[in-house]
Amino acid sequence: LFEEIKALYASNNRPVHLLPNGVIHGSVMLASPPEKAQMVLQQLHQLYDKLQLPDVKPTVRHYAIVMNAWAKAGNPAQVEELFLEMVQLYENGLESVRPNHYCFVVAIDAWVKHRTPEGNRRAEQILDVLEKDYATGEGFNNYGYNTVMDAYARSKGGATEKVQELFDRMKRLAVKHNNPQLQPDKFSYTVLIQSFKQSRSQDYVEKVDALLKEMECSPHKNVRPDAVTYSAVLDAWYKSGHPNAAQRAVDILGRMTGEVRPSASCFNSLINIYVVNGMPEEAEATLDWMSREVESGNFDAKPGSVEYSSCINAWTKSGRPDECWPRARQLLDDLIRKFLDENDARCKPQPFCVTPLFMSLARANVDNKAQKALDVIRQLEAVGFVHNLVSYNALLNALSTERGDKQMKGEAFKLALSTFKLLRSGSLGFDADSITYNSMLHCGMLVPLDEGRIKVMKRILQICRDEGKANSIVLSTAKRLIGSPELFAGGDVDLAAAEWKSKRRK
């Protein structure tokens, strides 16, 4: 249709009513792939250079259409080239192509989505152009700065100094141009907080806390913290290792009583603080706090499998072998009961719940671990639980720690062997790994020495070698438990592992 209009215009002495104007050119650009859209833009320029009529004058809208087409095609360099062309034309006097905020956003987004350090740098250069000549324009806001800040914060290793620099530039620019839309908002603050978390500087958590208080005291609603911000701050306290982290986290949660109420992830950060500080009772008490929040109408605080898993982990890492298993087991029972009574998918047991449970069984001062593990397995099967490799490996590790009588050790090895065969069967969608074989070597110690222990362990090692899963850790364990130097290249387990992998590849 576009070509037909142009032909009619050319064959009828170019009447104005048949002129393919800027609207028509824009429609064709919208319907075209980027190469064709850019060609149509060039044709519009040629038509305007020839006629100098306002109806065919290229505008910022035409450039925005073509830039967006290139951005969707994943070509940020072409987007930037068009952007800079538009800037140059405007500086040369073509007012109709003055870059607006949307064009800056398209150009910045295109480079940020490139997800490379070079892309972040180029996006920041576009911000420099905005800051130099265009920040006073109508509709300009903090979106571009937030986008580049977020890109730097997400980059490998983070870039806290760069994020802080952009944050400060936003503040200065907003004051300079009297444009409140350029002021940092809650997203800006949250990104800076997350960036501080990655910096791991000695005082980063105090900086995070200061930023939170600045947000809480702000008169602007778009700056005051939301649940995401609070969750980031609580996570910062969790990862800080600060001696007062638990109390500071409790204080923050206690302040979340207004429009923003604590979510389950906020409480989970507190539970994780208790985990690393060896405070399992306090971790369990947090579940009760969450339940009270739900009763008061805050349904986002409802505890689920993630929070119960963290509490199980608290007992696993408590260093209290006489208590860890029964308390962890009770938490799993409570979780399954909640799942069955409330039919809530968030409470369905997951492998990340069962793995620390089996770890607590491994560390517990209890006997007959095979029966205890079987009870858990049957209970989980009844609610549709599906293991993954990590939970199976945790089970094998727990079984290897059986310290009961000969019969109990025999039952533990029997269950370990059936689990090992299941992992090697290929029916699960995943296979045994080096951790599996390392645990099985330890399970081999459950076999009495006079009933073929060494033969069993050598067979496990042979299968491990044939499957290409041997590494220096597995061979170190085998060397220590079996003690046959001829198996290990004269005792060098690293050399043996390399040789076995090389033979496997060949």
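Helices here are DSSP runs (H or I) of at least four residues, numbered from the N terminus. I am working from a predicted model.

Entry 1, helix H12. I started just after H12, where Gly241 takes a positive phi of about 70 degrees. I then went to the start of H12 and found a side-chain oxygen of Asp226 within 3.2 Å of the backbone nitrogen of Val228. Next I checked the length of H12, which covers residues 227–240. Its 14 residues, at 1.5 Å a residue, should span 20 Å, and the end C-alpha atoms are 20 Å apart, so the two values agree. I also listed the buried residues of H12: Thr229, Tyr230, Ser231, Ala232, Val233, Leu234, Asp235, Ala236 and Trp237.

I located Thr355 in helix H18, residues 351–363. Is Thr355 buried or exposed? Its relative accessibility is 12%, and the cut-off for buried is under 20%, so I logged Thr355 as buried. Leaving out residues up to four places away in sequence, I found that Thr355 touches Val390, Ser391 and Ala394. For Val390 I also noted the C-alpha to C-alpha distance to Thr355, which is 6.8 Å across 35 residues of sequence.

I placed Thr436 in helix H22, residues 434–444. Which residues does Thr436 contact, leaving aside neighbours within four places in sequence? I noted Leu389, Asn393, Leu396, Phe420 and Leu423.

How values were computed. Residues numbered from 1 in each chain as written. Predicted model: local features only at pLDDT ≥ 70, side-chain atom pairs only at ≥ 80, totals over all residues. Heavy atoms only, no water. Helix = DSSP H or I, 4+ residues; strand = E, 2+ residues; numbered from the N terminus. Contact = heavy atoms within 4.5 Å. Buried < 20%, exposed > 50% of the residue type's maximum accessible area, 1.4 Å probe, protein only. Expected span 1.5 Å × (residues − 1). Polar contact = N/O pair within 3.5 Å; in protein donor to acceptor, adjacent residues only side chain to side chain.
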